[in-house]
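Please look over the sequence and the model shown here before reading on.

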Amino acid sequence: MTPNVPDSPAPATGNKKLIAGRLVTGGGIIDDGVLAAEGDRIVYAGPAGDFNAAGFAAEERRDLPADRLILPGLVDVHNHGGNGGDFPGGDEASARTAIDFLHR
């Protein structure tokens, strides 16, 4: 399986994260996967064996339990509100509170 390396601008420096565990990609599930991020960019998502961890300190790594999944790039837009406001209640003021919060 070919690792997924996004074509994107250079990431912000600092703030590195490395998550190891079961990785779900468009190509399948990788049981021994790694997701590496620098700043606000995913710089690698693929098999751990193909990842060069040089430049990532041990304290930047998090190993997930086997029952957890890594879903790189997934954006879940389903929600019921936010900041004390909600949509299901049908109250316009409550919905506006949630909308204003989510827009920020």
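This is a predicted model: local features need pLDDT of at least 70, side-chain atom pairs count only at pLDDT 80 or more; totals for chains, interfaces and linings use all residues.

Residues are numbered from 1 along each chain as its sequence is written, and side-chain values use heavy atoms, with hydrogens and water left out.

**Overall make-up**

The secondary structure of the protein comes to 1 helix and 7 strands, where helices (H or I, at least four residues) and strands (E, at least two) are DSSP runs numbered from the N terminus. Along the sequence these elements follow the pattern β-β-β-β-β-β-β-α. Of the 104 residues in the protein, 23% are buried; buried means under 20% relative accessible area, exposed means over 50%, and partly exposed lies in between (1.4 Å probe, protein chains only). The protein exposes about 7100 Å², of which carbon and sulfur atoms supply 51%, with accessible areas taken from the Shrake-Rupley method with a 1.4 Å probe, and for residues only the protein chains shown counting as cover. Among contacts (heavy atoms within 4.5 Å) between residues at least 6 apart in sequence, 43% join residues at least 24 apart.

**How the strands pair**

Two strands pair if DSSP finds at least two bridges between them, and the table gives pairings of this kind.

| Strands | Direction | Bridges |
|---|---|---|
| E1 (residues 16-25) and E2 | antiparallel | 9 bridges |
| E2 (residues 28-38) and E3 (residues 41-47) | antiparallel | 6 bridges |
| E1 and E4 (residues 61-63) | parallel | 3 bridges |
| E1 and E5 | parallel | 2 bridges |

E1 and E2 form a hairpin with 2 residues between them, and within this pairing Lys-16 stands opposite Glu-38 in E2. The hairpin of E2 and E3 also has 2 residues between the strands, and there Gly-39 takes a positive phi near 60°; in the pairing of these strands, Leu-35 stands opposite Ala-45 in E3.

**The nonpolar cores**

In soluble globular proteins, nonpolar side chains tend to be buried together. A nonpolar core is here a set of buried Ala, Val, Leu, Ile, Met, Phe, Trp, Tyr and Cys residues joined through side-chain atoms within 4.5 Å. The largest one has 7 residues, namely Leu-18, Ala-20, Val-34, Ala-36, Tyr-44, Phe-51 and Phe-56, and the elements that give two or more residues to this core are E1 and E2. Apart from it lies another core, of 6 residues, among them Leu-23, Ile-30, Leu-35 and Leu-64. Leaving aside its neighbours within four places in sequence, Val-34 is in contact with residues including Leu-18, Ala-20, Tyr-44 and Phe-51, as well as Leu-23 and Ala-45.

Where does Leu-71 lie? Leu-71 is found in the loop between strand E5 (69-70) and strand E6 (81-82), and at 40% relative accessibility it counts as partly exposed. The C-alpha atoms of Leu-71 and Thr-25, which are 46 residues apart along the chain, are separated by 7.0 Å. Leu-69, Leu-71 and Leu-74 make a nonpolar surface patch of about 290 Å². Patches are made of residues with over 30% relative accessible area and no salt bridge, with like charges joined within 9 Å and nonpolar side chains (Val, Leu, Ile, Met, Phe, Trp, Tyr) within 5 Å; a salt bridge is a side-chain nitrogen of Lys or Arg within 4 Å of a carboxyl oxygen of Asp or Glu.
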